Amino acid sequence: MNKSPARTRSIVIWTAVAAVGAVAWGVIALVRGEQISAAWLIAAALGSYAIAYRFYARFIARTVLGIDDRRATPAERLDNDVDYQPTDRRVLFGHHFAAIAGAGPLVGPVLAAQMGYLPGTIWIIVGVIFAGAVQDMVTLFFSMRRDGKSLGQMAREEIGPVGGAAALIAVLAIMVILLAVLALVVVNALANSPWGTFSIAMTIPIALLMGFYLRVLRPGRVLETTAIGVALLLAAIVLGKVVADSGLADTFTLSPKALTLCLVVYGFVASVLPVWMLLAPRDYLSTFMKIGTICLLAVGILVTLPVMQNEPVTKFAHNGAGPVFAGSLFPFVFITIACGALSGFHSLIASGTTPKLIEKESQVRFIGYGAMLMESFVAVMAIIAASIIDPGLYYAMNAPAAVVGDTVRSASQAVNGLGFAISPAELQSAARAVDEQTLVARTGGAPTLAVGMSQIFSGATGNGLKAFWYHFAIMFEALFILTTVDAGTRVGRFMLQDTIGNVWKPFKQVSWKPGVWSCSAVIVAAWGYFLYAGVTNPLGGINQLFPLFGIANQLLAAVALTICTTLLIKHGKLKWAWVTGLPLAWDAAVTLTASWQKVFSDNPKLGFFAQRTKFADAIDAGKVLPPAKSMDDMHAVVTNSMVDGVLSALFAILIVVVILDAMRIWVRAVRAGSLPTTEVPPVESHLHAPSGLFPDRSGRFDRTEEPVGAAR
């Protein structure tokens, strides 16, 4: 074959992609004094992702990591039909994406839009390319080379007992908080929503059917199974609206308490059943809903070409006194966006279920790096949705009731006081358009995203469907987040088994039934307790720990990047350690700065202990301050602020211990040239599978030329 024409064609194509991306970035960054089309953000994102995946991810996979498809993965060597099983890369991509894509990429960018669309967009795209996707892929690779060991266990074995113990404590505690927060978002989205509850409930029997169909009835027929599953999923979504308008609505109208119990039961069952039976097919099925909706949203933007109503950089980015959240652009825009660019939670999935299912080493690029790029694109869609709506409506929805009150008149006055104009009539009209009683103080980001999505979709289909698209978006968000709860529970079980296995060896066998059932029960009970307390008490349970979500998630990313950097150095790859070392330095600077401010700031809107002092002084004076409505609430705020402040300091200290102990290992490894690791000995693979979505044109699979067992 003559390679010259193909090479020329490749150069032309990638030059064009780079040019389109560069022009889009130029428009986003440089145009001032006029509104730009949201389509420029899509062009900048897609152009950047394509370049990054084609060149940077390939460089990391082949040069930095040294992938070798001649080596058997744990899925092939340890296949037991429960937790380890070679899984088609398309199904596994769906599972991995569904498991990592939770609340963060949907609501974080919406809240960060308070700073303007430019800072958030830059971080979402640049951050994912050099930090988030790198963390996910490298963590997946190193866990895969260690039989799928959990993040905490890798820290203990590769860093040492001190840093390892700190990492285990931090990872387990943060994991429980993250799962409870994600579950609370699902409960809030589905409470009293028969459409959403029915549609999501139906994904469980559909997934079971897909699992048995692909495993028993028609093994290997992935496309056939996919067609059946997607058709049934679409039918469930359509029937959900029918059910909501029928006499069955009461059956699927569940209270927050009932939904909590359902989630706890589902989380336990999903974590103990064989992964092929429910978890993998359900996540794969959910991915079609997630990616399909986001792609339709992108098409809707390209068709309707909405303009960015938000400013590129707002005044709140400079003064740090935003009504949505307090704090300056650095570090809090990075903390708030979280999962859309870099997420510690992803490292738990990348060292949990996915490394036990991956067929070939070369697939870490497609699954680890590629899935995170897709999540970043979700975040770009979210920041667009938040930025195309009227700024007055944005602040009326996202500022808390303590700022805007609970009526359209008070909200209008408060928003006008912030420098944005919106009338009470306009607020009422916006609520009626989406069939809601009110949109005032609908905080958390999810309702704002739904309003933005409904505006885009209705622009293409007609304003008469705006309410339909709004409620569809709410249901979509719940489905988006729920898949992180089931996979996260299973990962939590793996982590607890690894931890207990250090003192009781049978627990190290991740499919040992007593360990499976007992550890799953403990993890579910832990996040289930905080969730139940949260839905029964607005100031209790997980509501008490909710302010820790962003910082805790980013601190977890610091643990993952520390472990990855340590392993690169221990393997004698010091010259490539910057690949994870630079993101680690940035993430540590951001999260530790945020932790310091949350602990020591004298601003009650920012510092936990300052907030405690403010409310304690008010109690002494006999005053009740918002959001408290009674003296009991005042005491609860004081307690919550104290707990959050202590935990923020504790998590930061634990992460500093992990990093400092890792540095000790770095020095030893540099002096010695390399150090022994717990990487399992290579075994020759007999599986054949493409490295990406499609086989390459030669029909061969990506392989390094280095033989199995070669020294690294």
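**Exercise 1.** Where does Pro627 lie?

*Solution.* Pro627 is placed in the loop between helix H27 (608–620) and helix H28 (631–672); helices are DSSP runs (H or I, at least four residues), numbered from the N terminus. The peptide bond from Pro626 to Pro627 is cis, with omega near 10 degrees.

The model is predicted: local features need pLDDT of at least 70, side-chain atom pairs count only at pLDDT 80 or more, and totals for chains, interfaces and linings use all residues. Residues are numbered from 1 along each chain as its sequence is written, and side-chain values use heavy atoms, with hydrogens and water left out.

**Exercise 2.** Locate Ala441 and state its accessibility class.

*Solution.* Ala441 is in the loop between helix H20 (424–433) and helix H21 (446–461). Its relative accessibility is 21%, so Ala441 counts as partly exposed (buried is under 20% relative accessible area, exposed over 50%, partly exposed in between; 1.4 Å probe, protein chains only). Although Ala441 is not a glycine, its phi is positive, about 55 degrees.

**Exercise 3.** Classify the packing of helix H6 (residues 117–144) and helix H26 (residues 578–600).

*Solution.* First, the angle is about 120 degrees and the axes are 10 Å apart (axes are lines fitted to C-alpha atoms over the stretch in contact; angles run from 0 to 180 degrees between N-to-C directions). H6 and H26 are therefore oblique to each other (under 35 degrees is roughly parallel, over 145 roughly antiparallel, 65 to 115 roughly perpendicular, the rest oblique). Finally, the contact (heavy atoms within 4.5 Å) includes Trp123 and Phe130 of H6 and Pro583 and Trp586 of H26.

Key: Helices (H or I, at least four residues) and strands (E, at least two) are DSSP runs, numbered from the N terminus.
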